[in-house]
Amino acid sequence: MKKVLVVDDEPGLRQSLGLLLTDAGYTVTAEQNGRRALDRATSESFDLILCDVRMPEMDGLTFLRNYRQRGGGALVIVMSAYGGEDAAIAAMKEGAYDYLPKPFRPDEVVLTLRKAAERERLREEVAGLRAQLAAGPAERGLIVASGAMRQALELVARVAEHNTTVLITGESGTGKEVIARAIHRASPRGSKAFVGINCAAIPESLLESELFGHVRGAFTGASADKTGLFEAASGGTILLDEIGELPLGLQAKLLRVLQESEIRRVGDQKTRRVDARVLVATARDLEAEVRAGRFREDLFYRVNVVERKDDIAPLARHFTARLAQRFGRPLSLSDDAIAWLEQQEWPGNVRQLENAIERAAVLNEKAVLERGDFAHAPRTTHDAPAGTLKDLVEVAERQAITAALEESGGNRREAAKRLGVSLRTLFYKIDRYGIT
């Protein structure tokens, strides 16, 4: 939990900021003048300091100057109702991170503090990466010593050159942003902008404007046009970290961006083309979020794709080899089965492909799985046979009967019940299509 020191001579503002920031998850300490705040800030540890400019005994800029001279390292955000741009410039020269003109909206304060914390986190991460790069070969070797990291780096190399959306999952602190930056650097867009945003760190009321921008007058306080992060990343890469926190309304707008490569600024009537590769990351289980109705299923499938058709064959062979080891018997895929798998759409991504292969292996004792062993798997228009309507109906009937027999463990009465036909009709169809 971040510790914040609020310095302001107005009791009402100290109290309101204290309540606001406490609700936002911060630990808040307040002081009424710069001199007392300086003693507090140099004797205790704070992550962020919110400081007014005009105060008795010691003004905000003098506080900031003395704080820096004493080695204070917290990020300082200056507040003032006076001075405008001149006050902001003066504060920056003294080492302030940002400047908030009074009066301000509550969500502006929270957003500014979260941006400051994010900046500090990135600074620490960059420092760590530089230290790793400066280390000798032995030390650097430790970074990729694990099989998981080697596998991650291989995946980076595979997906980097293709302009597809990539979903990066993992718990907090597992290096999702490091992987995203590695994909960007290795891609043809590596020399262009990399823009990252933590969707959980920005209030919902401001998130759409941050992503897509806004036009002047779009809402109270929108005094000028603003470029959103998608436009800022055009030609490069944008990382949407913690995408699982995105509100449902914005999920629909993001889906449009992914499908149409265009955005609409808040308050604007026209759309704008953008050319940003989208990487997304999350610590949440998005499949569980889809089932709970908190994440759109169509967006999940749009961001969680098999990177390209060329990936299906090696993935399928990898899953088959793993199953052979697990089942303790020889198991492989015929060329025809591989070709069929490559023709299919896999809306559930890698997990659906793996499940299809495992089910085929369980239902068949063969050493080599053939195309026909995947009758239970989803069929698509890529695999629809040409011919008359009668031909298409026969193909569909054969598949449905085979699947029903497999699902009922060969019990024909149960299969007939599943298909909604009489047992006599099922016997007739089995005999007609030569189903064994």
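Modeller: Gladly, and please keep in mind that this is a predicted model. C51 is a buried residue, because its relative accessible area is 1% and the cut-off for buried is under 20%.

Colleague: And C199, what is its relative accessibility, and does that make it buried or exposed?

Modeller: C199 counts as buried, because its relative accessibility is 3%.

Colleague: How many disulfides does the structure hold?

Modeller: There are zero disulfides in the structure.

Colleague: Okay, new topic. How many helices and strands are there in the protein?

Modeller: The protein has 19 helices and 15 strands. It contains 436 residues, of which 43% count as buried, and if you take the contacts between residues at least 6 apart in sequence, 66% of them join residues at least 24 apart.

Colleague: Which strands make up the five-stranded open sheet, and in what order?

Modeller: The order is β2-β1-β3-β4-β5, and the pairing is parallel. At the edges are β2 and β5, the latter covering residues 98-101, and each of these pairs on one side only. From one strand to the next, the twist averages 20 degrees.

Colleague: What about β1, is it mostly covered or open?

Modeller: Strand β1, residues 3-7, is mostly covered, with four of its five residues buried. It pairs in the parallel sense with β2, residues 27-31, over five bridges, and V4 is found opposite V28 of β2. β1 is also joined by four bridges to β3, residues 48-52, again running parallel, with V6 opposite L50 of β3.

Colleague: Which helix goes with β1 and β2 in a β-α-β unit, and what is the handedness?

Modeller: That is α1, residues 11-23, which together with β1 and β2 makes a right-handed β-α-β unit.

Colleague: Now the other sheet. What is the order of the four strands in that one?

Modeller: The four strands form an open sheet in the order β6-β13-β10-β7, with parallel pairing. β6 (166-169) and β7 (194-198) stand at the edges and have a single partner strand each, so one side of each is left without a neighbour in the sheet. The twist in this sheet averages 20 degrees from one strand to the next.

Colleague: How many bridges hold β6 and β13 together?

Modeller: Four bridges, in the parallel sense, pair β6 with β13, which spans residues 277-282. Within that pair, I168 stands opposite A281 of β13.

Colleague: And which helix lies across those strands?

Modeller: Helix α8, residues 176-186, lies across β6, β7, β10 (237-241) and β13, and it runs at about 150 degrees to β6.

Colleague: Which residue follows α19, and what is its phi?

Modeller: G434 follows α19, and its phi is positive, near 65 degrees.

Technical notes: Residues numbered from 1 in each chain as written. Predicted model: local features only at pLDDT ≥ 70, side-chain atom pairs only at ≥ 80, totals over all residues. Heavy atoms only, no water. Buried < 20%, exposed > 50% of the residue type's maximum accessible area, 1.4 Å probe, protein only. Helix = DSSP H or I, 4+ residues; strand = E, 2+ residues; numbered from the N terminus. Pairing = 2+ DSSP bridges. Right-handed = clockwise from strand over helix to strand, strands pointing away. Disulfide = S-S within 2.5 Å. Axes fitted to C-alpha atoms, helices over the stretch in contact; angles between N-to-C directions. Contact = heavy atoms within 4.5 Å.
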